[in-house]
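Please open the structure in your viewer and keep the selection tool at hand. The tour moves from the ligand to a pocket, then to a ring pair and a cavity.

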Amino acid sequence: MKRSLRTQLSLGFATIILITVALISLVSNFLITREFENYMANQQKKNSFEIANSVSMQYDGETGWNVDYIHGLGMYALNDGYIVKVYDQNNAVVWDAESHDMEYCHQMMQGILERMEQLKSEKKGQFITQSYELQHDGTEIGWAEITYYSPYYFDENAFDFVRSLNLILLVIGSIALIGAVCAGTVLASRIIKPIVQAKKTADRIAEGDYSSRADGTAKTQELKELNTSINNMAEQIERQEALRKQLTSDVAHELRTPLTNISTQLEVVLEGIFDPTEERLQGIYEEIQRLSVLVSELEKLQQIENNVIERTEFDLLDLTRDTARAFEVEINKKGLSLNVLGESVQVFADERKMRQVISNLLSNAIKYSFENGKIDIAVKRCGDNAVLSVKDDGIGISEEDKQLIFERFYRSDKSRNRKTGGVGIGLTIANAIVKAHGGTITVKSEEGKGSIFTVIFPADSRKTF
Ligand code: ADP
């Protein structure tokens, strides 16, 4: 089963905090215990030395050993875990804790062993016997043997202290663990929340709500980038969707007129209202022709919008001259004069598509020129750009039409009235091709005086991508 990011993050944070707390507890426990053990070991040595010293003070030069006091001292020491045995200078026993109370001595030793066993300290201790020379006024008066648990041992109080210390560290560790889990969960939630929101937005977009947008003000850089990407994607889809709807309604609209014309014409002929004269059949044929042009133009546009640009190196002036030659018949029919001027410009672009651009612009110039008009095409280089302009002295374009002529199926009223045969896609195709090359098409025009279309694109259009 896949665990959620929230669970993984919470567990991750909790584990890190837990390990940190455990390490701190262990290290501090180790250090405190070590210091405490060193202190106790030193104290042990110091105590046994002081016991020997106190014993030597119980000797009087005239009356000898004060055995009662030594007994008191010895019993007191025994309570603290020291077994004292005192000898005089003749090696005769003056006082011996074990022979005095053997059972208590064993009890005490057993108690120490049990306590130390419980501590499970790495340093295993043992009972050792230390001998001290006893002196009085600089002369030797005997010696004392003191047996104790070395290097140190814990009496009841010290043992309780170490136990409490471990307990405190355990409590701190437990509180820290609970805190870690809570902090981990809160932190994970804070990180996850914007991701969950981004996912919800993506889901809404997937369900068709293209106007839905992710929060672009996220505080984390990566999340901000994720939200921006989602928003860009949504905008793109929204645009594509609008275009698709627009195209569908435009195509339906464009098809309706010729189809209605064809069906009405055929209807009246079939019903015997009118004869199928050549003129009538010619009208139907032209409408069908119009439909074929529309379909083939749409195909071209679809190809350009989907196709990749296939670049080769060629001379733009040569291409323009070559393309213009194909229009000689139409030009002559209208009595137009065509001049192709300018300089050789080597370009690295899609030759077939550029021919289409020149062809569309020139065909429009011819279509919208008056009889005996003049068309000038100029090719030049301007910095890194290739510039091509097509100028005519035809009907011109109104200010408001200028904004719309690059849209699909747009035709000005004048061009419709003149029955130019255009379907309103030529400029859209030209514009799409030039854009794909990283360039622009602009138009300057005055109604009744003519128009000039200017194409500018990088001579080597690879450099723009
Ligand atoms: P069409 O097939 O109708 O020519 P275009 O997309 O090529 O479609 O042109 C769109 C419209 O722009 C034309 O219908 C016409 O109104 C206008 N237009 C284009 N070129 C010219 C021009 N050289 N002179 C006047 N009007 C033009």
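How far is a nitrogen atom of the ligand from an N or O atom in the side chain of Ser-451? Select both and the distance comes to 3.5 Å, which is within the limit for a polar contact (a pair of N or O atoms within 3.5 Å). The protein covers 98% of the 530 Å² of accessible area that the ligand has on its own, areas being taken by the Shrake-Rupley method with a 1.4 Å probe.

Before going on, note that this is a predicted model, in which local features need pLDDT of at least 70 and side-chain atom pairs count only at pLDDT 80 or more, while totals for chains, interfaces and linings use all residues. Residues are numbered from 1 along each chain as its sequence is written, and side-chain values use heavy atoms, with hydrogens and water left out.

Stay with the ligand and select Leu-427, where a polar backbone atom is 2.8 Å from an oxygen atom of the ligand; then select Lys-367, which places a polar side-chain atom 3.0 Å from a ligand oxygen. Now show the whole shell of 20 residues, each having a heavy atom within 4 Å of the ligand; among the closest are Asn-364, Tyr-368 and Arg-411. Helix 10 (351-367), helix 13 (426-436) and strand 13 (450-458) each supply at least two of the shell residues, where helices (H or I, at least four residues) and strands (E, at least two) are DSSP runs numbered from the N terminus.

Next, select Leu-243, Glu-305, Phe-406, Arg-408 and Thr-428, which of the 26 lining residues are the closest to the centre of the second largest pocket. A pocket here is an open set of points on a 1 Å grid over the protein atoms alone, with protein on both sides within 12 Å along at least five of seven lines, and lining residues have an atom within 4 Å of a point. Its volume is about 880 Å³, and helix 6 gives the largest share of the lining, 10 residues.

Then select Phe-49 and Tyr-132, an edge-to-face pair with 6.3 Å between centres and 65 degrees between planes (ring centres within 6.5 Å; planes under 30 degrees apart are stacked, over 60 edge-to-face, the rest tilted). Because Phe-49 lies in helix 1 (residues 5-56) and Tyr-132 in strand 5 (residues 126-136), the pair ties together parts that are 83 residues apart in sequence.

Finally, select Ile-32, Thr-33, Phe-36, Phe-161, Val-162 and Leu-165, which line the largest cavity, a set of points where a 1.4 Å probe fits but cannot get out. About 30 Å³ of space lies in this cavity, and helix 1 and helix 5 (156-206) each give two or more residues to the lining.

Note on methods
Polar contact = N/O pair within 3.5 Å; in protein donor to acceptor, adjacent residues only side chain to side chain. Points joined across faces, edges and corners; volume = space filled by probe spheres on them. Phe/Tyr/Trp six-rings, centres within 6.5 Å; stacked < 30°, edge-to-face > 60°.
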